[in-house]
Amino acid sequence: MAKRWDGRPYRRLCQEVRRRGDPCWLCGHDIDLTLDPRHPMSFTVEHLIPLSRGGNLLDPANARSAHRRCNSRKGNRVAPRTVGPASRRW
């Protein structure tokens with residue numbers, strides 16, 4: 001199956017994830033949706049299971065909100081189970 005980043009179903013998924021208004025699931029901070037898409041802190045759709053590791057491009061359960069910078073830092077690694085920095089309070 002060809003991966004269609006520019007197809008209508010993928011754009012629809014991006015709109016759904018963006019409409020939810022969730023914070024970045026990697027760092028836990030809010031995402032400013034008014035930023036230029038090239039800005040490091042702008043909105044991107046991040047895939048919980050990377051596409052290079054068998055993740056589904058169009059599966060809503062595999063799509064999360066993320067900052068462009070956080071998404072780039074994660075790369076193709078499988079994401080951690082927790083959101084944001086670890087707490088020192090035990």
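Predicted model: local features only at pLDDT ≥ 70, side-chain atom pairs only at ≥ 80, totals over all residues.
The protein has 90 residues, of which 34% count as buried. Its secondary structure comes to two helices and two strands. Read from the N terminus, the order of these elements is α-β-β-α. Helix 1 covers residues 8-20, and strand 1 covers residues 43-47. Strand 2 spans 63-67. Helix 2 takes in residues 68-74.

Contacts across the sequence were then examined. Among contacts with a separation of 6 or more, 67% are made by residues 24 or more positions apart. The protein exposes about 6600 Å². Carbon and sulfur atoms supply 52% of that area.

The largest nonpolar core holds 17 residues. Tyr-10, Val-17, Cys-24, Leu-26 and Val-45 touch the most other members. Helix 1, strand 1 and strand 2 each give two or more residues to this core. Helix 1 supplies the largest share, with four residues. Leaving aside neighbours within four places in sequence, Val-17 is in contact with Phe-43, Val-45, Ala-63, Arg-64 and Ser-65.

His-47 lies in strand 1. His-47 counts as buried because its relative accessibility is 7%, below the 20% limit. A polar atom of the His-47 side chain lies 3.3 Å from the backbone oxygen of Leu-57. His-67 is found in strand 2. With a relative accessibility of 1%, His-67 also counts as buried. A polar atom of the His-67 side chain lies 3.1 Å from the backbone oxygen of Asp-30.

The surroundings of His-67 bring in several other parts of the chain. Residues up to four places away in sequence are not counted here. His-67 touches Cys-24, Cys-27, His-29, Asp-30 and Ile-31, among others. Pro-40, Met-41, Ser-42 and Thr-44 are also touched by His-67. Ile-31 and His-67 are 36 residues apart along the chain. Their C-alpha atoms are separated by 6.6 Å.

Lys-74 is placed in helix 2. Lys-74 counts as buried because its relative accessibility is 6%, again under 20%. The side chains of Lys-74 and Glu-46 are joined by a polar contact of 2.6 Å. Arg-64 takes part in an arrangement with an aromatic ring. The charged end of Arg-64 sits over the ring of Trp-25, 5.6 Å from the ring centre.

Arg-38 presents another case. Arg-38 lies in the loop between helix 1 and strand 1. Arg-38 is exposed because its relative accessible area is 70%, over the 50% limit. Arg-38 and Arg-68 are 30 residues apart along the chain. The C-alpha atoms of these two arginines are separated by 8.0 Å.

Two further loop residues complete the description. Gly-28 lies in the loop between helix 1 and strand 1. Gly-28 counts as partly exposed, at 37% relative accessibility. Gly-28 and Ala-66 are 38 residues apart in sequence. In space, the pair is 8.9 Å apart, C-alpha to C-alpha. Leu-51 lies in the loop between strand 1 and strand 2. Leu-51 counts as buried, at 14% relative accessibility. Leu-51 and Asn-76 are 25 residues apart along the chain. Their C-alpha atoms are separated by 7.8 Å.

Definitions and conventions: Residues numbered from 1 in each chain as written. Heavy atoms only, no water. Lys NZ or Arg CZ within 6 Å of the ring centre and 35° of its normal. Buried < 20%, exposed > 50% of the residue type's maximum accessible area, 1.4 Å probe, protein only. Contact = heavy atoms within 4.5 Å. Areas by Shrake-Rupley, 256 points an atom, 1.4 Å probe, with all protein chains shown as cover. Core = buried A, V, L, I, M, F, W, Y, C linked by side-chain atoms within 4.5 Å. Polar contact = N/O pair within 3.5 Å; in protein donor to acceptor, adjacent residues only side chain to side chain.
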